[in-house]
Amino acid sequence: MPSSTPTAATPWAPLEPQAVARLLAAASVRWWLSGGVALDRWLGHPIRARENIDVSVVAADLRGLVGNLPEGFSAWVPGEDEIVPFADAPQEADLQPVLIRDDAQNAWVLQVNAEDGAPRAWVYKRDPRLTLPWDRAVLDIDGIPTGAPEVQLVWKALRPRAEDTTDKDAVLPSLTEDAVSFYETALLRIHPHSTWAIHVRSPFAPAKASWNRKKN
């Protein structure tokens, strides 16, 4: 048991992706880098400074991932009034985000998000109509499983902050045609009220949807 209980003031000391892979090496479940760090890794350089680092896992595999953390690291979840040990949280609860602490440093090093998935496909937790085969949803980038950029942008599209728009603007021009099609379809079907959807659904907007662009 850690010598002290973390609080909202516990600092972050996020691991690098290679260190995340070593930390989770003993887990036999599927996991992948997600969020902004996944975009940075796919693009090949940091878009902006990141305060933390995320991985995702299918909800059914969450306990398997946490249960294989090496000694010296502990898992915690936000409770109603405090942060509680993962092991003490109700099993039927939606346990996320799960925060991983380096107990010696008394610092958060990783955030684990629980997503949905089927044996053959990733499933968008907010709307199961949106799916993608696993080999497209999670990419192998230099040996580290990394969430596909179009998927990360869909997650950010619901209520995008200014920093999310910075991420989108850095990544979108480099996406493949298939990735752009997936992203734009998701905006129109799943998040039509997102501010990002304006340029997709309007033929008069500067950034037209792929289906409304003139072919060279």
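The lining of the largest pocket comprises seven nonpolar, nine polar and 12 charged residues. In this grouping, Ala, Val, Leu, Ile, Met, Phe, Trp, Tyr, Cys and Pro are nonpolar, Asp, Glu, Lys and Arg are charged, and the others, Gly among them, are polar. The structure is a predicted model, in which local features need pLDDT of at least 70 and side-chain atom pairs count only at pLDDT 80 or more, while totals for chains, interfaces and linings use all residues. Residues are numbered from 1 along each chain as its sequence is written, and side-chain values use heavy atoms, without hydrogens and water.

The largest pocket has a volume of about 770 Å³. Of the 28 residues lining this pocket, G35, D54, Q111, K156 and R161 are the closest to its centre. Two or more lining residues come from each of helix 2, strand 2 (54-58), strand 6 (107-117), helix 5 and helix 6; strand 6 gives the largest share, four residues. A pocket is found on a 1 Å grid over the protein atoms alone, as an open set of points where a 1.4 Å probe fits, with protein on both sides within 12 Å along at least five of seven lines; lining residues have an atom within 4 Å of a point. The volume is the space filled by probe spheres set on the points, which are joined across faces, edges and corners. Helices (H or I, at least four residues) and strands (E, at least two) are DSSP runs, numbered from the N terminus.

Helix 2 also deserves attention. Eight of the nine residues of helix 2 (residues 35-43) are buried, so this helix is largely enclosed by the rest of the structure. Buried means under 20% relative accessible area, with a 1.4 Å probe and protein chains only. The buried residues of helix 2 pack against elements including helix 1 (17-23), strand 1 (31-34) and helix 6 (162-171), where contact means heavy atoms within 4.5 Å. Just after helix 2, G44 adopts a positive phi of about 100°.

Helix 7 (residues 177-189) has 13 residues and should span 18 Å at 1.5 Å a residue, which agrees with the 18 Å between its end C-alpha atoms. The expected span is 1.5 Å times one less than the number of residues. Among the buried residues of helix 7 are F182, Y183 and L187.

Finally, strand 3 (residues 73-78) runs antiparallel to strand 5 (residues 98-102), joined by four bridges; pairing requires at least two bridges found by DSSP. A75 has I100 as its bridge partner in strand 5. Strand 3 also pairs with strand 4 (residues 83-85) in the antiparallel sense, over three bridges, and a hairpin of four residues joins strand 3 to strand 4.

Methods:
Buried < 20%, exposed > 50% of the residue type's maximum accessible area, 1.4 Å probe, protein only.
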